[in-house]
Each structure stands twice: as structure tokens, then as C-alpha cells.
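Subject: Structure handover and notes

Dear colleague,

Here is the structure I promised to pass on to you, with the sequence alongside.

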Amino acid sequence: MTLLKISDLTVGYGDRHTQPVLNGVSLEVRPGEILGVIGETGSGKTTLARTIVGLVPARGGRIDFDGVELSALRGKGLREFRRRGELQFVFQDPLRALDPDLTAAESITEPLDAAGVGNRTERAERAAASLAAVGLDAALGDRLPGRLSGGQRQRVLLARALVTRPRLLICDEPVSALDAANRNHVLRLLLNLRDASGIAALVISHDLHSLAGVADRVAVLNEGRVVEHGPVRQVLDNPQDPYTQRLLAAAPRLHTLTTLTTASTKEPVSS
Amino acid sequence: MSARRPGSLRRALRLTSARIALGIILLIVVLAFFGGVLAPQNPLAQNTNVVLQGPSFHHWLGTDYLGRDVLSRLMAGTGRSVAGALEAVGIGLLLGVLPGLASLWLGRTYEWISLRIVDAFMTLPYVVFAVAVTGFFGNSLIAAMTAVGVLISPLYFRVTRAAALGLTRTQYVEAAELFGSSRRRVLRTHLWSKILPTLAVTTAQALASALLIVSSLAFLGLGVEPPLPTWGELLSSDLDYLAQQPWAPLFPGLLIMLIAGALNAFADAIRDTGTAQIVNVDPAEDASSESSEDDETGAEDIGIAPVAQPVLRVEDLRVTVNGGGTEAVHGVSFEVGRGEIVGLVGESGSGKSLTCRAVTGLLAPGCALSSGTVELLGDDDTPPIKLTDIDRTAWNKVRGPRIGIVFQDPASYLNPSIPVGKQLVETIRVHDKTLSRAAAKQRSIDLFTSVGLRDAETVYRQYPHELSGGMAQRVLIAIAISGEPDLLIADEATSALDVLVQAEVLDLLRGLVRDRGLALLLVTHDLAVVAELCDRVLVCDRGRIVEQGPAARVVAAPTRPQTRRLLEAALVWQPGFDGVDTELVGAQP
């Protein structure tokens, strides 16, 4: 049983003769599974995320979400599907993805407003619950994005995506704008959500290591093709494709500290 | 907690010029409504005994050729002149804004046709068109100003379209689309409040020009219905008697200038304050909400560690935020030496960015240096400069030639509408005015090559959006080192780049320090970057430097819990943590 099925997806900008950005990509996400997609800038990973949610039109192939052929939806049908909120997109940069003039709570209720769910009080209650689910104090709901820290903003973005109780999250680089502590916090949150509510996620990142602790499976994208794809430990421990090997090697690592790593694992992690 | 920021109008009114301008505008509004009533004498009453008199007690601005009081006629004429201008602007607004917004959504054909119509209208001169229209529909002010309104509408069309077009490409509008929001809802929630200030500015300017046009038309006799006064008609009748009363046109002329000037000043004030919205997170608050542990440890700052050949010396730097209400940096001291790479690390909210901004004199409004000194130390040729004492002009001689700065998000520091090569040439010529354009171009290309941009000639001609993130960051580095500074400050310069590109940029920075003997202050949250690149590390936490020392030592054997926390954070998602063989980290090919 699959929740999201991408088959032979080809996407290109410009006319049909230009080199496609995505070239025959096939992927699957099962319910409750976290799939990581890794690649560097220009590999097509952001295009993949944007095509799934319909921000970029596909040139070929198809996308199915739980029996609905997403890639065939247009106009009214697409809008109705979106209003159900079963599929949510989490943007990379919370500062740009949140309207600077709307408070956190107003942004979070926006998907409910658009879909016309419940009355005003019910929507406010769901927004508050969503804030609590991402570990933010309810008082922060009254703040404008400019008055929130980077980590808080990213969590507001997550809360906005969660407010419609989606079954699948598409996250485009959800943590790359965050510092290490906030990054870990948000990734843990994602794991907890999955365990608590069985939500599935497709998480895009340029950093294999930041996915290591969250993803069940990873797909490595290079120049618009999936070059490697398998359980996360297998790809990390034993990369087969030369590109994956290069990607792993290029990450700045604390290689001087292998001794410390062993030592610090024995202490409880404080945050 | 303060939720909403004040509107642009309220912010604009903090400026004295805006207050004066608004005062004048209000005065004109009062005159427009009550000018006829307030006029000291009947503006239509003729008195052949006092024809063409100069200013006197009875007639403050003198009398005209029929002996009518000029002041009274000016006051009474305000209403008709302003009404004419308002009519034109109102028509322009209606005919411009709605089609402008519609052009975003009604498809390409509509967009193309509307743009062509607008282009055609823009080529028509106001006055000639208005004359033609009145020739057709009869000589009335209403017809003339309708014609002007039609010609003003392209301005509104373009302004609205441009403002809205930028907004519809923002991610929050994209997000709204993904929630299935209707266009009306998107317009109401996201676009309207942001277009409004722009429209207000345009309206103020359009009103000023419409007033000038209505006066010019009346001056030419268009829409004039004697004996009713308007400003332009006053001006024209004054001109007929120029020989007898050479100063007479001065009064209506001055009045027109005054109101046009006030409207423009007001528009400027709104625009200036409207764009100056600086995101200002309170770092102290941020830190407290993110972590509440270890409050008792590391509270005291540690002293300065002297270095050989220091370039930058910071002593007891304190920075307050919230307009002086809260101290967020509590006495930071450090030095950076020539040829040395110093990492300033900390979580967000630790005060590292504030420190960096204070050192570069770029503190956001509301933040201020409360005490301490920042000194740029020279060598034999150049005397030391106390950066904490110098003014804005002196800063311009420091940023560039002495300190180069590279920020996190290169795209937002480059002008999107100018080729990057030109931007570098501008920077070079600001600092070396004697350099010819050709020589500056050659230097730019050399600089681009030296920061590792392949095919520098092509890059020279490219626009920022044509560059990848890594290339844009290289361009920014080239601009930063173009003034041959002693000190380079990189604020999260590689955080937004992906790993392969990050590795290349770090390599470039290392090479620059080695080849040019630069001092490099690297502000980052990423201990892995520090471990890779830096000689020395300063660990910042809640506005204090809690640990410092050689990078290898700090990373391998941290003494402070804050440092350990940073390390753990950097390690958690590394392969090798969480039960997997730790040797893996070192064993990667």
C-alpha cells in the first residue's frame, strides 16, 4: 500500500527541447514513512517537491496520492483537493513563507479559513492545538513573524501545515536555514509526529547527515535522476553510487573528534 | 506583547517634514471646503475704485483688474482646483488599479492587450489630450479632468501591477494557493495591505501633478467658467497685467508650488518609512525561550586573549536592544590578528550576530552600543581607528578599504537589476575615484578570477539571478575584498550553501587569508565549519564569550557546558551517532 506514488516523472522548464530538470523519477512513500530526498543545488530536488504539490507542471509521468491522480487535477478539482488539506507543503524559508503582516495564529488558521472549516472559535482552537503540537507556547500565536526566532518561525510553518491534519507532508529543506540546536529540535518533532499520528513525510535536504536520524529510506538525486535509493543506514554506511560517496565525503565533519563522539553519547543529551 | 507594527502613516508622521507637509495639506483641505466662506471678502465683488492695487490692509494680496480681492479669489478658487485634481486622480485610480490587479490573473491575452493599451496611453501628452477632449465634449473642467484621469490610469496600472506581481510570487501567496485559497481571499489577506502604502504614495504624487495640470489647463482657458475663480485662471489673468503688477502671478504660483511640494514631501515620507521595516528579533528573549538550562554556569565572561599583530580589538562591548531597554551583549572582548581565522560561534540568539553588527557599525534600529570600544589597529602607515567613535562618513572609508563584509544571503545584497560586474566596478570606483572605467573593469575580472569564478568575463555580464548560490557568494566575496581590506568578516557566509559548494567557499576563504594576509572573523552557528577552518574559536552564549581557545582544543575538549551543547547539536545527526559505529565518520572515502 502506498500513499504517494511518483511514476516516471519528467519536468522541464521552457519548451520540450530543453534539458529536463527531472528525468524519469519514480518514488513511493508509504503511510507513516519518512522518505528523505538528497541532492545538491541543481539536482532537481526542489522542483520535485514543487511538482508534487502542483506548483510546477509536469512534462510527463504521473503522481498518485491515495488513489487520486494528482497530476491530472486542474482548476476546481485541484482547489477542492487542496482544501481537504491531506497533503501539505512545508517551505524552506519560514521568513518568506509567512506573511510578515499576519500573526502566527492568523497564518496557522489560514488553511482552515480557505477551506471554510468550522466557525471562528473552532478554527482558533485548532490553531492553538497545532501550536502546542509543535511545542510552542500559545502566547506566541499573537506575534508577527519578525518577532519570532528562526526556530520558532519554522515551527509555526510546521504548525500551519499540521492544522489540517494532513496524511503527508512535503518538506522542502525544512531545517537548512536553522542552527544545529533548532535543526535537531525540528527533526525530532517530525519523528514524534510520525510516531504519534502516523503522518508520512517526504523530506528534501542537501545534507545527508541531517536526514540520518529521521528518514526511514533515502533517495539520492543527481542531475534529475535518482542515482541511489534504499534504507537510510544502507546508503549512509555503504554508498554504492560514486556521487553519493562524494556527497558524503564533502560534508564538513568533526572528524577530529571521534573519541569525543563516543564519550558524549554516554551523557544524556540535554536539549 | 506588541503584535502589530504601526501603519506606514503613523511611522511617516514621526518625521518633521511629514508633519509640516500634512499640516499644509490639511490647510488646503479646509480651504477646499470652506474657502468661499472663510474668504475675507466676496471673491466676485467688483470694485472699479481699487483696480490692480498692491497689498494693503484691506487687500492683503492686492486686487485684480476688476478690483476683486486676490486673497479671497485664491481661497475661493481652492475648491474647484482641488476638486478637478481629485476627479482626475479618482478616475485614474479606478481605471488603473482594477485592470492592474486583473492583469495578474486573467491570462496572457488580457495581460498583453492591457499592457499595449497602457503603453499607448502613456505616450499621450496630458495637456494636448485634454485640449482635444474638451474640443470634443465642450469646454468644461469635468471633461478636461476626465481626460487627465484617463491618462493618469496607466501610472496606477503599472504601479499596482508591479507591486502585486512581486507579491504573487512570494512564498506565502504560493502557500495560500496550496491551501486552496480563492483569489479574492489572497488579495484580501496578503496583497491589499501591502499595495496600499504604494498606492498612497502614488496618489500623493498624482494629486500634485493633477493640481499642476488643472492649473495649466485653466491657465490656457480650458474649463474656466468666468467669473468663478480657479488658481490657473488667476495666474493667467495676472499675466495679462504683468506690466502693471509684475509680482501678482507670484501668489497663485507660490500656492500651487507649496501644495505640490507638500504632497511630494508627504509621499516621500511614506515611502521612506514604508520600506524601512527591519526584522528585529530580540536576541535576549530568544535565548531565554529556547533554552532554560545551565543558567548558573558560564555567567561570567572570560578575559581577552592577546594575539600577535592584532588587526581588530574589541573591549568590553555591550549592546542594548529594544531601544536601550535590554542588554543583549554583556561585555564581549576579543582580538583578531593578521593572517588569523577566528570563529565566533553560538546558537541563534547568543549575541554573535549583534556583536558582528556592532563591530561593523550596522546595528539595526533599536539596537545600540552602550559601552566598550572597537578598535581597528593599523600598521606603520595607518593610524588606529576607534570604530566606536566615528560617524557615518568615516564608516564609508572603513567598510571596503579596511573591513570587508560577507553576509549569509548573497542574493539579497546584490542589486537584481544590474549585472554583477557593474556592481563590482561601482564599488571599486567608489574607493578609488582616479581609476578609469576600463581599468576598473579589468580589476573586476581579475578579482572574479581570484575568487575562483570560472569564465570571469561571462560572469561580469551576468545578472544576480543567473548565478547559483555559490557563485553569488563568490561575487560578494570579490566585492568584499575589492577594497583590499585588512579584515574580512563573514557572517554565516556559508550557511545557506549546500555541502559541496560550502566546502569550496571555505577553501576560497582559507586561500584568501593565506595569500593576502587577511584577518578573518567567521561568525557561524556551525561548529563543524569552525573545526574545519578556524585557528581560534570564541564561543558565544547569551551575550557573553564563555569559552575561547585554539579550534582544535575547543572542539576536542570543551570545558563549558554551552560548548558541549553546541558540539552535541552538531554531532547528533552525524553518521556514527545513535548507535552506529563511530569509526564510520573517519572511514568515509
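**The sheets of chain B**

In chain B, strand E9 (residues 536-541) is joined to E10(B) by 6 bridges, and the two strands run antiparallel. Within this pairing, B:Val539 has B:Glu547 of E10(B) as its bridge partner. Please bear in mind throughout that this is a predicted model.

These two strands belong to an open sheet of 6 strands in chain B, whose order is E6-E7-E8-E3-E9-E10 and whose pairing is mixed. Strand E6 (403-406) and strand E10 (544-550) of chain B stand at the edges of this sheet, and because each has a single partner strand, one side of each is left without a neighbour in the sheet. From one strand to the next, the twist averages 15 degrees. Across E6 and strand E7 (487-491) of chain B lies helix H18 (residues 469-481) of chain B, which runs at about 165 degrees to E6(B).

Chain B also holds an open sheet of 4 strands, in the order E2-E1-E4-E5, and here the pairing is antiparallel. Which strands stand at the edges? They are strand E2 (326-337) and strand E5 (385-386) of chain B, each of which has a single partner strand, so one side of each is left without a neighbour in the sheet. Inside this sheet, strand E1 (residues 310-321) of chain B and strand E4 (residues 368-376) of chain B run antiparallel and are joined by 7 bridges, with B:Thr320 standing opposite B:Ala368 in E4(B). Helix H12 (residues 352-359) of chain B packs on the sheet, where it touches E1, E2 and E4 of chain B, and its direction makes about 115 degrees with that of E1(B).

The crossing in which H15(B) passes H16(B) is right-handed. On the H15(B) side the residues that meet the other helix are B:Gly421, B:Leu424, B:Val425, B:Ile428 and B:Arg429, while on the H16(B) side they are B:Ala440, B:Lys441, B:Arg443, B:Ser444 and B:Leu447. Sorted by class, this contact has 5 nonpolar, 2 polar and 3 charged residues.

For chain B as a whole, the count is 23 helices and 10 strands, and buried residues make up 46% of its 589 residues. Among the contacts in chain B with a separation of 6 or more, 68% are between residues 24 or more positions apart.

**The nonpolar cores**

The largest nonpolar core has 150 residues, and those with the most contacts inside it are A:Ile170, A:Ala201, B:Val148 and B:Ala210. Helix H8 (residues 183-219) of chain B gives the most to this core, with 15 residues. Apart from it lies another core, of 85 residues, which includes B:Ile403, B:Ala478, B:Val537 and B:Leu538.

Leaving aside its neighbours within four places in sequence, A:Ile170 is in contact with A:Ala49, A:Ile52, A:Val53, A:Leu87, A:Phe89, A:Val90 and A:Leu202.

Beyond its neighbours within four places in sequence, its contacts are A:Ile34, A:Leu168, A:Leu169, A:Cys171, A:Leu190 and A:Arg194.

A:Arg84, in helix H2 (residues 75-84) of chain A, counts as partly exposed because it has 14 C-beta neighbours inside 10 Å.

Lastly, strand E9 (residues 217-222) of chain A and strand E10 (residues 225-231) of chain A pair in the antiparallel sense over 6 bridges, and A:Val218 has A:Gly230 in E10(A) as its bridge partner. E9(A) and E10(A) form a hairpin with 2 residues between them, and A:Glu223 in the turn has a positive phi of about 50 degrees.

With best wishes

Notes
Residues are numbered from 1 along each chain as its sequence is written. Chains are lettered from A and ligands numbered from 1 in the order in which they are written. This is a predicted model: local features need pLDDT of at least 70, side-chain atom pairs count only at pLDDT 80 or more; totals for chains, interfaces and linings use all residues. A crossing is left-handed if the near helix is turned anticlockwise from the far one by less than a right angle, and right-handed if clockwise. Two residues are in contact if their C-beta atoms, placed from the backbone, lie within 7 Å. Ala, Val, Leu, Ile, Met, Phe, Trp, Tyr, Cys and Pro count as nonpolar, Asp, Glu, Lys and Arg as charged, and the others, Gly among them, as polar. Two strands pair if DSSP finds at least two bridges between them. Axes are lines fitted to C-alpha atoms, for helices over the stretch in contact, and angles run from 0 to 180 degrees between N-to-C directions. A residue is buried if 20 or more other C-beta atoms lie within 10 Å of its own, exposed if 12 or fewer, and partly exposed in between; C-beta atoms are placed from the backbone. A nonpolar core is a set of buried Ala, Val, Leu, Ile, Met, Phe, Trp, Tyr and Cys residues joined through C-beta atoms within 7 Å.
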